[in-house]
Amino acid sequence: MSGSLRRAAAALLRWGRGAGGGGFWVPGVRAAGSGAGGGGSAEQLDALVKKDKVVVFLKGTPEQPQCGFSNAVVQILRLHGARDYAAYNVLDDPELRQGIKDYSNWPTIPQVYLNGEFVGGCDILLQMHQNGDLVEELKKLGIHSALLDEKKDQDSK
C-alpha cells in the first residue's frame with residue numbers, strides 16, 4: 001500500500017470514529033482536511049467517491065465554502081436535509097484538485113457524486129434541485145428530502 005493511500009485509509013477510519021480531518025458542519029458531514037485524498041490516482045478517487053452515498057469535492061469546507069459555487073452546492077444539500085455526506089476540500093491538496101478533474105473528465109469544482117456516480121457541478125445540482133430530480137435521486141439513496149416535509153406542511157395549511 002502506497003504512503004498516500006495509507007494516509008487516505010487512516011483518514012477514512014478517523015472520520016468513521018468522528019475525529020480529525022476538519023470540523024463537522026452538521027452530524028454526519030465529514031469535511032476532509034489536508035492530505036485526506038492523499039493524491040489523485042484513479043484508484044484512490046474511486047474509493048473516495050464510492051465510500052459514501054453522497055460525496056462532494058469543493059473549494060473550502062461545508063462550514064466555510066471558499067467560492068460561490070461550492071457554497072451553492074452546500075446550501076442545496078442543506079435545503080434537502082442531506083446530512084450524511086463526505087466533503088473534500090480540494091484547496092488543501094493540489095493533487096486531489098487535479099486528480100478529481102481528470103477522474104470525472106469535468107474541468108470545474110465543485111463536483112457531486114451520488115452513489116459513486118458523477119452527477120456534475122453546481123449548475124447541474126441546481127437544475128436537479130429546481131426540476132425535482134434531486135428529490136428523486138436522494139430518495140433512491142434512502143435519503144428523505146426535507147423539502148418534501150415543507151411542501152406537505154404548506155399543503156396542509
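The model is predicted, so local features need pLDDT of at least 70 and side-chain atom pairs count only at pLDDT 80 or more, while totals for chains, interfaces and linings use all residues. Residues are numbered from 1 along each chain as its sequence is written, and side-chain values use heavy atoms, with hydrogens and water left out. Helices (H or I, at least four residues) and strands (E, at least two) are DSSP runs, numbered from the N terminus. Buried means under 20% relative accessible area, exposed over 50%, and partly exposed in between, using a 1.4 Å probe and protein chains only.

**Nonpolar cores**

- A nonpolar core is a set of buried Ala, Val, Leu, Ile, Met, Phe, Trp, Tyr and Cys residues joined through side-chain atoms within 4.5 Å.
- The largest such core has 20 residues, and those with the most contacts inside it include Val-54, Val-73, Tyr-85 and Leu-134.
- At least two residues of this core come from each of strand E2 (54-58), helix H3 (68-79), strand E6 (111-114), helix H5 (122-131) and helix H6 (133-140).
- H3 is the top contributor to this core, with four residues.
- Another core, of 12 residues, lies apart from it and has Val-49, Val-55, Phe-57 and Tyr-113 among its members.
- As background, nonpolar side chains tend to be buried together in soluble globular proteins.

- E2 is largely enclosed by the rest of the structure, because five of its five residues are buried.
- Val-54, Val-56 and Leu-58 point one way from E2, while Val-55 and Phe-57 point the other way.
- Strands count as paired if DSSP finds at least two bridges between them.
- E2 runs antiparallel to E6, and four bridges join them; here Val-55 has Tyr-113 as its bridge partner.
- With strand E5 (residues 86-89), E2 pairs in the parallel sense over four bridges, and Val-55 stands opposite Ala-86.

**Helix H2**

- In helix H2 (residues 42-51), the buried residues are Gln-44, Leu-45, Leu-48 and Val-49.
- These four lie on the same side of H2, because they cover an arc of only 125 degrees around the axis, taken from the directions from the helix axis to the C-beta atoms.
- Glu-43 and Lys-50 are exposed on the other side of H2.

**Salt bridges**

- Counting a side-chain nitrogen of Lys or Arg within 4 Å of a carboxyl oxygen of Asp or Glu as a salt bridge, the model has two.
- Asp-46 and Lys-50 form one of them, at 3.2 Å from N to O; both lie in H2, four residues apart.
- In this pair, Asp-46 is partly exposed at 26% relative accessibility, and Lys-50 is exposed at 53%.
- Glu-137 and Lys-140 also meet in a salt bridge, at 3.1 Å from N to O; both lie in helix H6, three residues apart.
- Glu-137 is partly exposed at 28% relative accessibility, whereas Lys-140 is exposed at 64%.
- An α-helix has 3.6 residues a turn, so residues three or four places apart point the same way.

**Gly-120**

- Gly-120 is found in strand E7 (residues 117-120) and is buried, with a relative accessible area of 0%.
- Leaving aside neighbours within four places in sequence, Gly-120 is in contact (heavy atoms within 4.5 Å) with Trp-106, Pro-110, Gln-111 and Val-112.
- The C-alpha atoms of Gly-120 and Ser-104 are 8.8 Å apart, and the two residues are 16 residues apart along the chain.
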